[in-house]
Amino acid sequence: MSVKPAVPLAVLRAIGIGLALSLMIGELIRSWGVGRPIMFVLDDFFAGGLLLVGAILMANPTRRRWGVFVAGWGVCAGMMYGSFFGKVFDPASANSGNFDLGFLTAIIGLGFVVSLIGLFFTLIWNDGE
């Protein structure tokens, strides 16, 4: 008996690619020319890169590739958790770089929610077998 996936894989991949690219591009814009430590830039590239690689690999899904995709969502969710709640509860120590702090907090919060939704639906995804 075949079970239809809750969210089509193409949709999960597209959302993952969009989140990954927006995370990496947004971090470049945020940090350009303001002297933020490189480690706080590279973490976004690590998380976004892992999610991007997982989304690309899932063009031909296998169990191992699915694991990379899940890991990408999880790393993004975990990283955005700390970033979002750090800005909500301790805005005085937040470095918003080239963005307004309120706007930055809102887009990080949106990214956090998207990463949780993507993680959930990728975890329960099946290929209809």
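**View 1. Helix 3 and helix 4 pass each other in a left-handed crossing.** In a left-handed crossing the near helix is turned anticlockwise from the far one by less than a right angle; clockwise would be right-handed. This is a predicted model, in which local features need pLDDT of at least 70 and side-chain atom pairs count only at pLDDT 80 or more, while totals for chains, interfaces and linings use all residues. Residues are numbered from 1 along each chain as its sequence is written, and side-chain values use heavy atoms, with hydrogens and water left out. Helices are DSSP runs (H or I, at least four residues) numbered from the N terminus. The axes of helix 3 and helix 4 (residues 101–124) come within 8 Å and cross at roughly 150°, so helix 3 is roughly antiparallel to helix 4. Axes are lines fitted to C-alpha atoms over the stretch in contact, with angles from 0 to 180 degrees between N-to-C directions; roughly antiparallel means over 145 degrees. By class, the contact of helix 3 with helix 4 has 19 nonpolar, eight polar and one charged residues. Nonpolar covers Ala, Val, Leu, Ile, Met, Phe, Trp, Tyr, Cys and Pro, charged covers Asp, Glu, Lys and Arg, and the others, Gly among them, are polar.

**View 2. Helix 2 packs against helix 3 in a left-handed crossing.** The axes of helix 2 (residues 39–57) and helix 3 (residues 63–89) cross at roughly 150° and come within 8 Å, which makes helix 2 roughly antiparallel to helix 3. Residues in contact (heavy atoms within 4.5 Å) include Phe46, Leu50 and Val53 of helix 2 and Val68, Phe69 and Trp73 of helix 3. The contact of helix 2 with helix 3 has, by class, 14 nonpolar, three polar and three charged residues.

**View 3. Ser31 lies in helix 1 (residues 9–31).** Ser31 is buried, with a relative accessible area of 11% (buried is under 20%, exposed over 50%, partly exposed in between; 1.4 Å probe, protein chains only). The side chains of Ser31 and Arg36 make a polar contact at 2.9 Å. A polar contact is a pair of N or O atoms within 3.5 Å; within protein, one must be able to donate a hydrogen and the other to accept it, and residues adjacent in sequence count only if both atoms are side-chain atoms. Leaving aside residues up to four places away in sequence, Ser31 touches Arg36, Val41 and Asn98.

**View 4. Asn98 sits in the loop between helix 3 and helix 4.** Asn98 is partly exposed, with a relative accessible area of 42%. The C-alpha atoms of Asn98 and Ser31 are separated by 6.5 Å, with the two residues 67 residues apart along the chain. The side chain of Asn98 reaches the backbone oxygen of Trp32 at 2.9 Å.

Terms used:
Helices (H or I, at least four residues) and strands (E, at least two) are DSSP runs, numbered from the N terminus. Angles under 35 degrees count as roughly parallel, over 145 as roughly antiparallel, 65 to 115 as roughly perpendicular and the rest as oblique.
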